Amino acid sequence: MKRTDQTLLEQMRITELEIENRKALFMIENDDVEVLTRVKPLIEREVESLVREFYELQTSVPEIALLIGDADTLGRLRSAQRKYVIDLFSGFYDIEYVNNRLRIGMVHKRIGVEPKLYLAAIQQLQTLLGHLLRRIIPDPKECRRVIRAAEKLFMFDISLVFDTYIRSLISEIETSREKSERYAVELEYKVQERTEQLEIMSRTDPLTGLLNVRFLTEMLTQSLRAAQRRLEPLTLVYMDINDFKEVNDTQGHQRGDEILCTVADSIKSLSRLEDQAFRYGGDEFCIILPKCNEQQAIQLFDERLHAHIREQEPDLTISLGFVQTGPDEYLTADELIHLADQRMYQDKERLKGENDGIPVEAD
């Protein structure tokens, strides 16, 4: 028996009390058991011809012939049917008998025998058995008693078989529901995961992996509010790569992209977990530094960042603008960006003046 059938059989376990109640429901009494048991020897002598005739009729139905298939299957079915008929007259209608009937129902359901085909087959078997009983039992009264008893037992068996049909269908529905629920959960997880990925992609610059400039004002405003609530300083760093246009014009855009990624990687390596770094556009970058004053920011990015970049690009220089706000008064996000941009240009002019040998006064 297949594992699913065994599991279903265990779920449908019927007690002795349930068997007795079901016998009473179909009015199977001791007299019925006795009359069936008495004719068992007669049935055993005739069962082979009965089964042969039954399957001749069954295989004449195209739907059933298709289900039966080959001769080996037919041989196994005939053997099972002989036992089924003999068990009808055994006089023992206990748990073992019931489990055998339940197995029959499960096998019929598993191989695809529709209820209409099963009921038609039972009706045919009852008819053939009735003809046989009338032929082998000379006493008409006794024959009628045996036929009535057999009819009760057939109904008892049909109820068991249909229990398995119904239980199997319920089990299939429950399994389908569980699969649908699992699929829904998996789909929901995948949608959520994809949504998060799209959210990250929408917030991330595809070249450098830094945050997208579209969210700079929003996230800077949030950071400013948090700093204001905690009365903490916040510093914004505005950064620009010097002579970047010349690199693109003379060495090509691929080389320009390499430099952008080098600067971005340097920013990432020096940034703290709470810092937020953005590619502002082109060759410009912004970094939000919560809980950081201007002097600390200069030490971190004006000194260490230059050194980090020179290790990989010795001829590359950057200009930086630093603006602290808080903890006493706080600028708005736009004011902070504008002022940091101005200071970055001042730093650029200072570097240009140094390169040209012209002293530049601090603003």
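Q: Is arginine 350 buried, partly exposed or exposed, and at what relative accessibility?
A: In this predicted model, arginine 350 counts as partly exposed, because its relative accessibility is 31%.

Q: Which residue does the side chain of arginine 350 meet in a salt bridge?
A: Its partner is aspartate 347, at 2.5 Å from N to O. Both residues lie in helix α14 (residues 333–356), 3 residues apart, which is about one turn of the helix.

Q: And aspartate 347, buried or exposed?
A: Aspartate 347 is buried, with a relative accessible area of 10%.

Q: How many salt bridges does the count come to?
A: The count comes to 21 salt bridges. One of them joins arginine 135 to glutamate 46, with the closest N and O atoms 3.4 Å apart.

Q: Where in the chain are arginine 135 and glutamate 46?
A: Arginine 135 is in helix α8 (residues 115–136) and glutamate 46 is in helix α4 (residues 40–58). They are 89 residues apart, and the pair links distant parts of the chain. Arginine 135 counts as exposed at 56% relative accessibility, whereas glutamate 46 is partly exposed at 22%.

Q: Changing topic: what is the order of the strands in the open sheet?
A: The 5 strands have the order β1-β3-β4-β2-β5, with mixed pairing. β1 (211–212) and β5 (318–325) stand at the edges with a single partner strand each, so one side of each is left without a neighbour in the sheet.

Q: How do β2 and β5 pair?
A: Strand β2 (residues 234–241) pairs with β5 in the antiparallel sense, over 8 bridges. Methionine 239 stands opposite leucine 320 in β5.

Q: Which strands does helix α12 lie across?
A: Helix α12 (residues 253–270) lies across β2, β3 (276–281) and β4 (284–290), and runs at about 160 degrees to β2. Its buried residues include Ile259, Leu260, Val263 and Ile267. Among the elements that cover the buried residues of α12 are β2, β3, β4 and α13.

Q: What span should α12 have, at 1.5 Å a residue?
A: The 18 residues of α12 should span 26 Å, and the end C-alpha atoms are 26 Å apart, which agrees.

Q: Now the aromatic rings: how many pairs does the count come to?
A: The count comes to 4 aromatic pairs. In one of them, the rings of phenylalanine 54 and tyrosine 55 have their centres 5.0 Å apart and their planes at 80 degrees, so the pair is edge-to-face. Phenylalanine 54 and tyrosine 55 are both buried.

Q: Which residues do ring pairs link into a cluster?
A: Ring pairs link Tyr93, Tyr97 and Phe156 into a cluster.

Conventions:
Residues numbered from 1 in each chain as written. Predicted model: local features only at pLDDT ≥ 70, side-chain atom pairs only at ≥ 80, totals over all residues. Heavy atoms only, no water. Pairing = 2+ DSSP bridges. Helix = DSSP H or I, 4+ residues; strand = E, 2+ residues; numbered from the N terminus. Contact = heavy atoms within 4.5 Å. Axes fitted to C-alpha atoms, helices over the stretch in contact; angles between N-to-C directions. Phe/Tyr/Trp six-rings, centres within 6.5 Å; stacked < 30°, edge-to-face > 60°. Buried < 20%, exposed > 50% of the residue type's maximum accessible area, 1.4 Å probe, protein only. Expected span 1.5 Å × (residues − 1). Salt bridge = Lys/Arg side-chain N within 4 Å of Asp/Glu carboxyl O.
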